[in-house]
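Subject: Model handover and what turned up in it

Hi,

Here is the model I promised to pass on to you. Please open it alongside this email, and then read on for the findings.

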Amino acid sequence: MTEPAPSAGGGVLVGDDEDAIRNALARFLTKRGYQAHVAINGEEALARLKEGSISLMLLDVRMPGMSGLDVVPEALHLNPDVAIVMLSAVTDATSAAICMQRGAMDYLTTPIELTDLAAAINRTLRRRAPP
């Protein structure tokens, strides 16, 4: 028997400027029982976070305007309990290290295997869950 997925509370936000990726991830999250929210850029991701209904953010590292990398510290300032997983097509150890230093909890490279994404979401939500 599989263990139930941890609750994302208010939901999971997908911040990505590519429609196909953003919509595919939102559908995947909805099918797994999460309340999915979407944002097309960093500014919109922060605006959604301010609404108070986001527990986890999946952020593309490279978005026009405010990058996912720039969103991380701002998001944690707004909500220190939000869990953040970075998504990037770039397999760059430096980018991953910077994301983690700024407060992201995981870094996945695209294209993403959905089983790996589900595992990362579960891991991240468990680490952010109150004891």
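First, the ground rules. This is a predicted model, in which local features need pLDDT of at least 70 and side-chain atom pairs count only at pLDDT 80 or more, while totals for chains, interfaces and linings use all residues. Residues are numbered from 1 along each chain as its sequence is written, and side-chain values use heavy atoms, with hydrogens and water left out.

**Overall fold**

The protein has five helices and five strands. Here helices (H or I, at least four residues) and strands (E, at least two) are DSSP runs, numbered from the N terminus. Read from the N terminus, the order is β-α-β-α-β-α-β-α-β-α. The radius of gyration is 13 Å, close to the 14 Å that the globule rule gives for 131 residues, so the protein is as compact as a globular protein of that length. For that comparison, the radius is taken over C-alpha atoms and the rule is 2.2 Å times the number of residues to the power 0.38. Along the principal axes, the C-alpha atoms fill a box of roughly 40 × 30 × 25 Å.

Of the 131 residues, 45% are buried. Buried means under 20% relative accessible area, exposed over 50%, and partly exposed in between (1.4 Å probe, protein chains only). Among contacts with a separation of 6 or more, 59% are between residues 24 or more positions apart; contact means heavy atoms within 4.5 Å.

**Two helix pairs**

Helix H2 (residues 42–50) and helix H3 (residues 68–78) have axes that come within 10 Å and cross at roughly 10 degrees. Axes are lines fitted to C-alpha atoms, for helices over the stretch in contact, and angles run from 0 to 180 degrees between N-to-C directions. H2 and H3 are therefore roughly parallel to each other, given that angles under 35 degrees count as roughly parallel, over 145 as roughly antiparallel, 65 to 115 as roughly perpendicular and the rest as oblique. H2 contributes Gly42, Leu46, Leu49 and Lys50 to the contact, and H3 contributes Val71, Glu74, Ala75 and Leu78. By class, that contact has five nonpolar, one polar and two charged residues. The classes are nonpolar for Ala, Val, Leu, Ile, Met, Phe, Trp, Tyr, Cys and Pro, charged for Asp, Glu, Lys and Arg, and polar for the others, Gly among them.

Valine 71 in H3 counts as buried, at 0% relative accessibility. Setting aside neighbours within four places in sequence, valine 71 is in contact with Gly42, Leu46, Met57, Leu59 and Met66.

The axes of H3 and H4 come within 9 Å and also cross at roughly 10 degrees, so H3 and H4 are roughly parallel to each other. Here Leu69, Asp70, Val72, Pro73 and Leu76 of H3 meet Ile98, Cys99 and Arg102 of H4. This contact has six nonpolar, no polar and two charged residues.

Arginine 102 belongs to helix H4 (residues 93–102) and is partly exposed, with a relative accessible area of 34%. The side chain of arginine 102 reaches the backbone oxygen of leucine 69 at 3.2 Å.

**Residues in the strands, and a cis bond**

Alanine 39 sits in strand S2 (residues 36–39) and is buried, with a relative accessible area of 0%. Its C-alpha atom is 6.2 Å from that of valine 14, 25 residues apart along the chain.

Aspartate 106 is in strand S5 (residues 106–109), and at 12% relative accessible area aspartate 106 is buried too. What joins its side chain to that of arginine 123? A polar contact of 2.5 Å. A polar contact is a pair of N or O atoms within 3.5 Å; within protein, one must be able to donate a hydrogen and the other to accept it, and residues adjacent in sequence count only if both atoms are side-chain atoms.

Finally, the peptide bond from threonine 110 to proline 111 is cis, with omega near 0 degrees. Most peptide bonds are trans. Proline 111 lies in the loop between S5 and helix H5 (114–128).

Best wishes
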